[in-house]
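Have a look at the model on the screen, and I'll talk you through two spots in it.

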Amino acid sequence: MTGASPCILALDSGGTKTLLLVVDRNANIVSARRGTGSNPFDQPRWREVLAELLADVPAHVAGAAFGLAGYGESVTITARQDAAVHEILGLPTDRYIVRNDVEMACTGAFAGAPGVLILSGTGSMAWAMDETGRNLRVGGWGPLFGDEGSAFWIGREALSLLTQALDGRDGDAHPFIAPMCRSMNLPTSPAAAGAALLEWYGGLSHERSAVAALAHGVCEMAMNGNEQACRILDRAARHLARHVTVARRGLSRPELPWSHTGGTFNNLYLRQAMTRLCGQPQPPRLPPIGGGILRAARQAGWATDAPWTDHLASALKDMKL
């Protein structure tokens, strides 16, 4: 990337993908780069992914913002992330900011205004901000301790139910076998499905991502009326709604609007279940990378008024992120 005009850059890092955008003073997207996941908790190449995306950055970066998966969750890992960004970027520390990716996503969803953002992607977490600038995080404990309601959690629940249906522990779940196996490209015959499932498991190279990917099939099954899939998504919605409730209570702001992000929320069934539990959501003002762009612009001292933000929202929508 090259360029002589002042620009800002923002990076959004997740468990399965990483996005870098360069934006000019008029909120136009100058360039974009995409990479694989860069969560240091389960992606050994996270530093290489950042280095590849940040290679040949523009010469006149006025401000930068990084929303990094896992940031702030471990003193040791956070220190490594700080060091990596500083070494790779090569900018003075007063020209960039590093935060958790969900904090940046919350900034984007509400364009810096108060609210509760609930994420359900590979993992799950809520981030809340009130009008005084206080922040509160709920969840985000990872697949071993939590991530309830996430794509990984949905996939894990589906696999558990499938195995119980296959070996007879849950006879009522028999209607779940065929559609779940079809979504995984496995034989639908119970006699053959068990062995094929174990072969699938034995061939995984990245277990968390593979299990999370199963959520798409479960969501489609729920939309088609599969009772067992609906029950899994209903439980996922209850878990995610608890995040929102606890965040509102923690900031003593029960009226805080809520919004959502993450691939799991592409499913209408889950969105409707959450609406019944938490009220009508506020559509995200900007996608997660948009929060990084806002923070980078403010880091550079640029004005980010309503027309600027509107133009940015339109530009990001055209990118079909």
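So, start with α8: it crosses α9 in the left-handed sense, left-handed being when the near helix is turned anticlockwise from the far one by less than a right angle, and right-handed if clockwise. Before I go on: this is a predicted model, where local features need pLDDT of at least 70 and side-chain atom pairs 80 or more, while totals for chains, interfaces and linings use all residues. Numbering runs from 1 along each chain as its sequence is written, and side-chain values use heavy atoms, with hydrogens and water left out.

Who touches whom? From α8 we have V218, C219, M221 and A222, and from α9 A229, C230, I232 and L233, contact being heavy atoms within 4.5 Å. Sorted by class, that's eight nonpolar residues, no polar and no charged; nonpolar here is Ala, Val, Leu, Ile, Met, Phe, Trp, Tyr, Cys and Pro, charged is Asp, Glu, Lys and Arg, and the others, Gly among them, are polar.

Now the sheet. It's open, with four strands ordered β8-β7-β6-β9 and mixed pairing; strands pair if DSSP finds at least two bridges between them. The edges are β8 (135-139) and β9 (258-261), each with a single partner strand, so one side of each has no neighbour in the sheet. From one strand to the next, the twist averages 20 degrees.

How do β6 and β9 pair, parallel or antiparallel? Parallel, over four bridges, with β6 covering residues 115-120. Opposite I118 you'll find H260 in β9.

Conventions. Helices (H or I, at least four residues) and strands (E, at least two) are DSSP runs, numbered from the N terminus. Axes are lines fitted to C-alpha atoms, for helices over the stretch in contact, and angles run from 0 to 180 degrees between N-to-C directions.
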